[in-house]
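Biologist: I have a chain open in the viewer and would like to learn how to read it feature by feature. Could you walk me through it?

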Amino acid sequence: MRINNTRALLLITSFFMIAVSSNAQQTVDSNAQQTMDSNTQQHNLAIKWSPLGIYFGKLTLGGEYSVRKKQSITFYAGIPVGIQRSFDSDNNTVEAKSKTASVMAGYRFYLGKSPMKGFYFEPYLKYMHNELEGTFNYNDDTPPSIYKSSNDFSSFGIGAQLGFQVLIAKRIVFDFFLVGPEANTVKEKGSFTDVTNNIPWTPADAAEAEEDIKDVIEDIPIIGDKTEVKADQASKTVFISYKGFLPGVRTGFSIGFRF
């Protein structure tokens, strides 16, 4: 009987040790899995800034959130800021103030093995609204004609871009938008008011102003010959409007920090 009791004690002790050991192993494996999951979930958010947005009259801020190992959702918002610009066109000079608002959302697929790193393909949706006011100096007249101009432009589009993202020390982000063709539906309304002097327009003056603006507008690719141009003699103003399709290309870069 004593031998049997000893064997039973050894058996119970062995069973207890196996159970404890097994439970300890399960706990270790569980903790290891939690650690792996935690590491996987780390650094899955990046906040970005696109410097080129300033050129178009907006402060462009964005973010990227990794939802799967090689897939992310992206969002950019352009906050309007006024910017003064000047340029020449066919001996005519323009002084203009421009501001732009925009929003863009995309879904990104990385083509390599790492999350948020390397080449990617990204379909996206984008909305943009631009307001422009300025002075147009038409130097082909003698003396030159001066027009106060305004333009309101809005677009909604869909596109797909190829890009490349670089991570430095797993935190610093450089995101390059290499090429992104897009299709847009746009609405545009503009006006040019003659402020050269206080002399009222004659019907001939109105017709001449309309033709002068048409000559400028028709040089714009794709939409130039489809833009409506109409002169109003009483207000000494030429109005332009366009509604329809306009292709585009997105390119640029952003920099940011990954959390």
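Biologist: How many helices and strands does the chain have?

Modeller: Helices (H or I, at least four residues) and strands (E, at least two) are DSSP runs, numbered from the N terminus. Here the chain has 2 helices and 10 strands, and along the sequence they follow the pattern α-β-β-β-β-β-β-β-β-α-β-β. This is a predicted model, where local features need pLDDT of at least 70 and side-chain atom pairs count only at pLDDT 80 or more, while totals for chains, interfaces and linings use all residues. Residues are numbered from 1 along each chain as its sequence is written, and side-chain values use heavy atoms, with hydrogens and water left out.

Biologist: Thanks! Which strands pair with S10?

Modeller: Two strands pair if DSSP finds at least two bridges between them. Strand S10 (residues 237-258) pairs with strand S1 (residues 45-50) in the antiparallel sense over 4 bridges, and Lys48 stands opposite Gly256 there. Strand S8 (residues 172-194) also runs antiparallel to S10, joined by 20 bridges; Gly190 has Ile240 as its bridge partner in S10.

Biologist: Let me zoom in on S3. Is Thr74 buried or exposed?

Modeller: Buried means under 20% relative accessible area, exposed over 50%, and partly exposed in between (1.4 Å probe, protein chains only). Thr74, in strand S3 (residues 71-80), counts as buried because its relative accessibility is 4%. For the chain as a whole, 35% of the 259 residues count as buried.

Biologist: Which residue's side chain makes a polar contact with that of Thr74?

Modeller: A polar contact is a pair of N or O atoms within 3.5 Å; within protein, one must be able to donate a hydrogen and the other to accept it, and residues adjacent in sequence count only if both atoms are side-chain atoms. For the side chain of Thr74, the partner is the side chain of Glu122, at 2.4 Å. Contact in general means heavy atoms within 4.5 Å. Leaving aside neighbours within four places in sequence, Thr74 is in contact with residues including Gly63, Met104, Arg108 and Glu122.

Biologist: How should I check a helix such as H2?

Modeller: Start with its span, where the expected value is 1.5 Å times one less than its number of residues. Helix H2 (residues 203-217) has 15 residues and should therefore span 21 Å, and its end C-alpha atoms are 21 Å apart, which agrees. Next, look at its buried residues: Ala206, Ala209, Glu210, Asp212, Ile213 and Ile217. They cover an arc of only 160° around the axis, so they lie on the same side of H2; the arc is that of the directions from the helix axis to the C-beta atoms. These buried residues pack against strand S6 (118-138), strand S7 (145-168), S8, S9 and S10.

Biologist: Which residues touch the most other members of the largest nonpolar core?

Modeller: A nonpolar core is a set of buried Ala, Val, Leu, Ile, Met, Phe, Trp, Tyr and Cys residues joined through side-chain atoms within 4.5 Å. The largest one has 15 residues, and those touching the most other members are Phe136, Tyr147, Phe192, Trp201, Ile213, Val238 and Ile240. Strand S5 (92-110), S6, H2, S9 and S10 each supply at least two residues, and the largest share, 4 residues, comes from H2. A second, separate core of 10 residues includes Met104, Tyr124, Leu167 and Phe177.

Biologist: And what does Ile213 touch?

Modeller: Not counting residues up to four places away in sequence, Ile213 touches Phe192, Val229, Val238 and Ile240.
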